[in-house]
Amino acid sequence: MTAGSEIGPELLRAIPLPSLSAESDKEERGRVLVVAGGAAVPGAATLTGLAALRVGAGKLQLAATEQCAIALGMAVPEARIISTPMTPEGEIAGSDDLLAATARSDVVILGPGMMEGPSLGDLVERLVSAANSATLVIDAAAMSVLRPEGGAVKAAAGRLVLTPHAGEMAALLDCSKAQVLEDLAGAARILSARLNAVVVIKTGETYVVSPDGRGWRHAHGAPGLGTSGSGDVLAGVIGGLAARGAPPAVAAVWGVWLHARAGARLSSSIGKLGFLARELLGQLPGALEDVGRV
């Protein structure tokens, strides 16, 4: 996998996902915890968690405020719901149960649909610290409060996957969005080195960069993927593949292609624009099968 390698089926076949036996069960396919959403975007946890299951993760846990827990459990009956207190802003707050679930998980997906608030930084720090060996997929507002100098982030080195868009990348690097867009891969490399993380920068042309300097590019995303909730699905796909045992960089590269392939399938059946993020979910199993056919 050389720098700038194009992400496509040929590359994916060269870096296959860990094989699963015919008798594999949910224990073998990993335990995912999704900490996402809140009062403003409670459905983000649904999109993220179901995406993880659709690519083969074994067990799903969803954190939810006490006010949303029952509704989320009804919407996603496949998941165990970890009920937590709510912050004054309506966001997920930490709890002993949530920290315990984090410690038991193989993958923690943190941030989709969450809103910035005064307590978010402390929550992220505590969850990253509690994830002793889990792969951490960090998205949206949770990225904005990462503390590079903090012990938790340093301890998680090599287990982090960050999924910023250009605006979020600019904030993380304290530069302008225009500067990021001038050199997407370069910006991703800086952040990857700074946090020792795999970085997936999401634009019409997506780049994946790992801390060892390897890089990959995907330039064939469907226009319809630029829609609300699409990034939540991508985070779930990457997390689900990591739960199955894929290393962070492999999970990210496969995740980018599968997400784009699901969009391409909907573009063919519905139209280039107008499909919904929730509709990507049903296309993911077929997209996995497509790797061997296209």
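Predicted model: local features only at pLDDT ≥ 70, side-chain atom pairs only at ≥ 80, totals over all residues.
Start with the whole chain. The protein has 294 residues. Its secondary structure comes to 14 helices and 10 strands. Along the principal axes, the C-alpha atoms fill a box of roughly 45 × 45 × 35 Å. How does the radius of gyration fit a compact globule? A compact globule with 294 residues would have a value near 19 Å, and the protein has 17 Å, so the two agree.

Now look at two helices. Two packed helices are described by the angle between their axes and the distance between the axes. Take helix H4, residues 96–104, and helix H5, residues 120–130. Their axes come within 8 Å. They cross at roughly 40°. H4 and H5 are therefore oblique to each other.

Which residues meet where H4 and H5 are in contact? H4 brings Leu 98, Leu 99, Thr 102 and Ala 103. H5 brings Leu 123, Arg 126, Leu 127 and Ala 130. By class, the contact of H4 with H5 has 6 nonpolar residues, 1 polar and 1 charged.

Next come the empty spaces. Rolling a probe the size of a water molecule over the atoms shows where empty space is left. The structure holds 2 cavities of 30 Å³ or more.

The largest cavity has a volume of about 60 Å³. Part of its lining comes from Thr 87, Glu 89, Glu 91 and Ile 92.

Which helix gives the most to its lining? H5 does, with 4 residues. Helix H7, residues 151–155, also supplies at least two. The lining includes Gly 121, Val 124, Glu 125 and Val 128. It also includes Val 145, Leu 146 and Arg 147. Ala 152 and Val 153 belong to it as well. By class, there are 6 nonpolar, 1 polar and 2 charged residues here.

The largest pocket has a volume of about 580 Å³. It is lined by 28 residues. Which of these are the closest to its centre? They are Lys 202, Leu 225, Ser 230, Gly 231 and His 259. Two helices give two or more residues each to this lining: H11, residues 230–243, and H12, residues 248–269. H11 gives the most, with 4 residues. The lining divides into 10 nonpolar, 14 polar and 4 charged residues.

Conventions. Residues numbered from 1 in each chain as written. Heavy atoms only, no water. 1 Å grid on protein atoms, 1.4 Å probe; cavity = no way out; pocket = protein on both sides within 12 Å on 5 of 7 lines; lining within 4 Å. Points joined across faces, edges and corners; volume = space filled by probe spheres on them. Nonpolar A, V, L, I, M, F, W, Y, C, P; charged D, E, K, R; others polar. Axes fitted to C-alpha atoms, helices over the stretch in contact; angles between N-to-C directions. Parallel < 35°, antiparallel > 145°, perpendicular 65-115°, else oblique. Contact = heavy atoms within 4.5 Å. Rg over C-alpha atoms; globule rule 2.2 N^0.38 Å.
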